[in-house]
Amino acid sequence: MNKLCIFLSIFGLLLLPAGARAQTGENVDVRSGIKHDEYERLLRKYVNEQGLVNYSGWKQNQADLAALDVYLKEFAPKANSPAQGNEKAAALVNAYNAFMLRWILSNYPTESVWALKDSFKGKHSEIGGRKVSFNDIEHGTLRPSIGYRTHSVLVCAARSCPPLQRFAYTAAMFDEQNDHAFRTWLAREDLNKFSPNDKKVEISSIFKWFKQDFDKAGGVPKILGRYAPSFLHDFAASGNYEIKYIPYNWGLNDQGPHGRNYSRTNLVFDNIFK
């Protein structure tokens, strides 16, 4: 095999998301009774309607950095009375997104989560009395428990992620909040585009990478029909269209300049040389 073929093979492998490369992780338990109000305050302050984050402003505000750290410490104790059902799901979605925000803030400025070492498989976060990874939360816990619904609510700091919502998930409202996140995601034409006249849909690569999760719930068309904008429900649910997958933009979901020009070439070099 010549050098070009080797490079292209590496290039293709590195374009896969963390989850598609290693869809494994350990189960994570979290204690019950965690309050998420302060986290929601921070989201409302630093996340805009497009789901982009004012990392620069947040990093310069020591009081709000400390507030985030205090919130994250709520997850650390051993789960002697572990949360169950929607309480566990809501807590771990909040934990994933909040620990991801802290991971970026600790390393900001950066152009991408992939510019940082072992972002997804490194056990950086203390939950339930032990160190866990983002893969543990996503693949070891949430996907086995809530299936395809995982993919609308976890935000891995990339511009192609479903938009980061400006609220904290709660046990009482988790189902409604998850539906809202899905509808918001599918209504964004830069992230998912429906073209009935052309019988074509262009959707996030997440639907390809985690096809098995959507198949377990009846298939991608069924999910698209459930959550697409109302005037597109019948078309989206029909499956009578060509599906194309939008290349994933791993640039940082920053309100400022970082991540805007992050390319596939940057992704390859970050994975090889960081």
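Analyst: Start with helix α5, residues 62-73, in this predicted model. Its 12 residues should span 16 Å at 1.5 Å a residue, and its end C-alpha atoms are 16 Å apart, so the two agree.

User: Which residues of α5 are buried?

Analyst: They are D64, L65, A67, L68, Y71 and L72. Buried means under 20% relative accessible area.

User: Why do the buried residues of α5 line one face of the helix?

Analyst: Look down the axis. The buried residues fall within an arc of 160 degrees, so they line one face of α5. The face turned away from them carries the exposed residues Q62, A63, V70 and K73. Exposed means over 50%.

User: What covers the buried residues of α5?

Analyst: The cover includes α3 (37-46), α4 (55-60) and α6 (85-107).

User: Why are β3 and β4 said to pair?

Analyst: Pairing needs at least two bridges. β3 and β4 (residues 200-204) have 3, in the antiparallel sense, so they pair. F194 has V201 in β4 as its bridge partner.

User: Which strands are the edges of the sheet?

Analyst: The open sheet has the order β3-β4-β5, with mixed pairing. β3 (193-195) and β5 (242-246) are its edge strands, and each pairs on one side only.

Definitions and conventions: Residues numbered from 1 in each chain as written. Predicted model: local features only at pLDDT ≥ 70, side-chain atom pairs only at ≥ 80, totals over all residues. Heavy atoms only, no water. Helix = DSSP H or I, 4+ residues; strand = E, 2+ residues; numbered from the N terminus. Expected span 1.5 Å × (residues − 1). Buried < 20%, exposed > 50% of the residue type's maximum accessible area, 1.4 Å probe, protein only. Arc of directions from axis to C-beta. Contact = heavy atoms within 4.5 Å.
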